[in-house]
Amino acid sequence: MSDKEEQPDTSLDVETYGNPRTFDPNFKGPIAKRNCTDVLCCIIFVLFIIAYILLGLVAWVHGDPRRVAYPTDSKGHFCGQKGTPNENKTILFYFNLFSCTSPSVVVNLQCPTTQICVSKCPEKFLTYMEIQFSYRTNKHYWTYYSQFCKSPFVKPVKTLSQVLLDDDCPTAIFPSKPFLQRCFPDFTTKNGTLTVGNKTTFEDGSGKTRNAIELRTAANRVNKILDARAIGMKVFEDYATTWYWILIGLTIAMLLSWMFVILLRFIAGFLFWVFMAGVIGIIGYGIWYCYQEYSNLQGRPNSHLSIYDIGIQTDISMYFQLKQTWFAFMIILCLLEVLIILMLIFLRGRICISIALLKEGSKAIGYLPTTLIYPVLTFIFLSICIAYWAVTAIYLATSGVPIYKVISPERTCEHENTTCNPEIFNTTEIAKACPGAQCNFAFYGGKSLYHQYVPTFQIFNLFVFLWLINFVIALGQCALAGAFASYYWALKKPDDIPPYPLFTAFGRAIRYHTGSLAFGSLILALVQMFKFILEYLDRRLKEAQNNVCKFLQCCLKCCFWCLERMVKFFNRNAYVMIAIYGKNFCRSARDAFNLLMRNVLKVAVMDKVTDFVLILGKILVAGCIGVLAFLLFTHRLPTMIEGPTSLNYYWVPLLTVIIGSYLVAHGFFSVYAMCIDTIFICFCEDLEKNDGSREKPYYIAPTLHGTLNKMQLVPQKQKE
């Protein structure tokens, strides 16, 4: 048989997707002599990074993170800042919390009431009217009450109307506790009744009798935050008690993940076929159950009616009283069962190839164990990017000088939300036109060119952050692909594997292909940026949208989600081609696309088989660690090992261990997934470039070559 006759028939695919690569006798794996690719994109990427660093420096000069750490009073002064009159006044006090109808207003410090810094929160019920009467007999009450006024007074000589007009003192105080450096009501529950300081009703100082429910309504979500404080303290205690057990659990998860990856060369096929047998069995049981229900409804009144006859019903259980419903379920399950069986029969060859590639990937990681450490480096890079983005965002958000806005409790003032000066506000026409209006601190800003473009800088900060995150991931994928490609294209494994393949591949990616990796990352960052913009518009225009707009927005979200998944898939394979051949991004993406289209069925089967095995592995690792953690934290293993005692919520460390174990397994299996993708692309390239002769030998491992021989997908000449 001639060489031409021995090659697989790809004439139809070649006509559509381009010619397969011809044999290069000098090709011995990833090309060492390379040129820099996508230089223009590399230059742009470097310029963006320089601009990003400069933005961080400028934000650092103008920003002040103390504005986040310290609460700010109505005059824009920090509470508790050293070297200021408020140094010993670390807590923010609200004159009239009933004005704060929304917790978001409280958190944003835009509650339409005066806010001052105090050293401690009120501990008792007192009104200004009561103080005026009791001052003559006991001046101690006024001394206590006056610390919650804007400025010190010798005695309470002003009338209540003057106090309300000048806004010098609160009309009433009630027991509060500090939380997030702010005084919030001390809510408690007594015999099922909500109380404040053991009282259900109290005077608000303006002649009205209030109850605890009204106060909670004024700050409804604040109460939830106060409840969360106790829960947060208990959670912190649980973490302090179990932190070393959590670390032990994550270490065991790492060892289990490593063992699973290594053992996949022996159990990959077994896992897949057992799972498929289970799926077929479950669907078969569903068919039998539907038939039983269909038979049991024989002869029952109205069971012969159709779904069309009864129409749309809110009670879904009515549909399960019809024979037609169970018959339809049985038909659907039968079709699904037949479809799965036919796919397993006709695609069994490609499934066998996929399983063989999974085993080969496990063997490759066994020869290159340093690749399992690379996720740690990726994690460090990602942590640096996230930290820089967060710090820059905080400094940008706190740039500027205090800006004051007019806030009216009744929201009827025509000057609402206009800029004002708190020093002269009471003498302006606005104060006369809008009785009760306040000139309160709103946010930090300014009128300079820098302050005008702070929102734009925040968008730039987010965009470059997405670009850098995707670049770090792309760098890891390209470096791992280069290492695993070096393994595949070694004719005699492991003797021909070059030394330090991961380090060499990482150096090549940085030195020659930064531009190409930045190009692919830029495309993905643009798609993700559009997704963020859509999400932002959806939140801002949620109430103003009609059904048509909502439908169109859902369609756009779906399209961008699909586009993001598609871009990630093509980028991943393009990085593999870059690691092997060292060409630019566009050419590598085109070659990868053509190669995959010529092997589209293999790609589909390989992708699903790999996804199944990896998901099963993650669930297996997280499940095993979760079961052990559950037995430990619930004291079900007292005879073997003594776990932590007196936990408030055992599920807190339990969920931490389970989620952490899943993430650890995901880190290991992401390396394995990249290994499989690289070996698969190299495998497809190998079949197209070579024919198994002595002049054009296959680089396939002997075990994989034996599988292909049994399926008669490669010639027998190489065996001779």
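The expected span of a helix is 1.5 Å times one less than its number of residues. Keep that rule for the first stop, and bear in mind that this is a predicted model.

**Stop 1: helix α23**

Select residues 651-689, which make up helix α23. With 39 residues at 1.5 Å a residue, helix α23 should span 57 Å, and its end C-alpha atoms are 55 Å apart, which agrees. Now show the rest of the chain around the helix. Of the 39 residues of α23, 28 are buried, so the helix is largely enclosed by the rest of the structure.

Stay here and select Cys682. At 0% relative accessibility, Cys682 counts as buried.

**Stop 2: the disulfides**

How many disulfides does the structure hold? There are 3. Select them one pair after another.

Begin with Cys79 and Cys117, joined with an S to S distance of 1.9 Å. The angle about the S-S bond is -75 degrees, a left-handed link. This pair links distant parts of the chain, 38 residues apart: Cys79 is in the loop between α4 and β1, and Cys117 is in strand β2. Both cysteines, Cys79 and Cys117, are buried.

Move on to Cys121 and Cys183, whose sulfur atoms are 2.1 Å apart in a disulfide. The link of Cys121 and Cys183 is left-handed, with -95 degrees about the S-S bond. Here 62 residues separate Cys121, in the loop between β2 and β3, from Cys183 in strand β6. Cys121 and Cys183 are buried.

Then select Cys149 and Cys169, a disulfide with S to S 2.0 Å. Is this link left-handed or right-handed? At 115 degrees about the S-S bond, the link of Cys149 and Cys169 is right-handed. Cys149 is in the loop between α7 and α8, and Cys169, 20 residues apart from it, is in the loop between α8 and β4. Cys149 is buried because its relative accessible area is 8%; Cys169 is buried at 4%.

**Stop 3: aromatic pairs**

Switch to the aromatic side chains. The count comes to 28 aromatic pairs. One of them is Tyr144 with Phe148, an edge-to-face pair at 5.8 Å centre to centre and 75 degrees between the planes. Tyr144 counts as buried at 9% relative accessibility, and Phe148 counts as buried at 0%.

Next, select Tyr289 and Trp326. Their ring centres are 5.8 Å apart and their planes are at 75 degrees, so this pair is edge-to-face. The pair links distant parts of the chain, with Tyr289 in helix α10 and Trp326 in helix α12, 37 residues apart. Tyr289 counts as partly exposed at 36% relative accessibility, whereas Trp326 counts as buried at 10%.

Cys290 counts as buried at 5% relative accessibility. The closest cysteine sulfur to that of Cys290 is in Cys334, 8.4 Å away and too far for a bond.

**Stop 4: a cluster and a charge over a ring**

Select Phe45, Phe48, Tyr52, Tyr388, Phe460, Phe463, Trp467 and Phe471 together; they form one aromatic cluster. Lys583 lies over the face of Tyr581, at 5.7 Å from the ring centre.

Methods:
Residues numbered from 1 in each chain as written. Predicted model: local features only at pLDDT ≥ 70, side-chain atom pairs only at ≥ 80, totals over all residues. Heavy atoms only, no water. Phe/Tyr/Trp six-rings, centres within 6.5 Å; stacked < 30°, edge-to-face > 60°. Buried < 20%, exposed > 50% of the residue type's maximum accessible area, 1.4 Å probe, protein only. Helix = DSSP H or I, 4+ residues; strand = E, 2+ residues; numbered from the N terminus. Lys NZ or Arg CZ within 6 Å of the ring centre and 35° of its normal. Disulfide = S-S within 2.5 Å.
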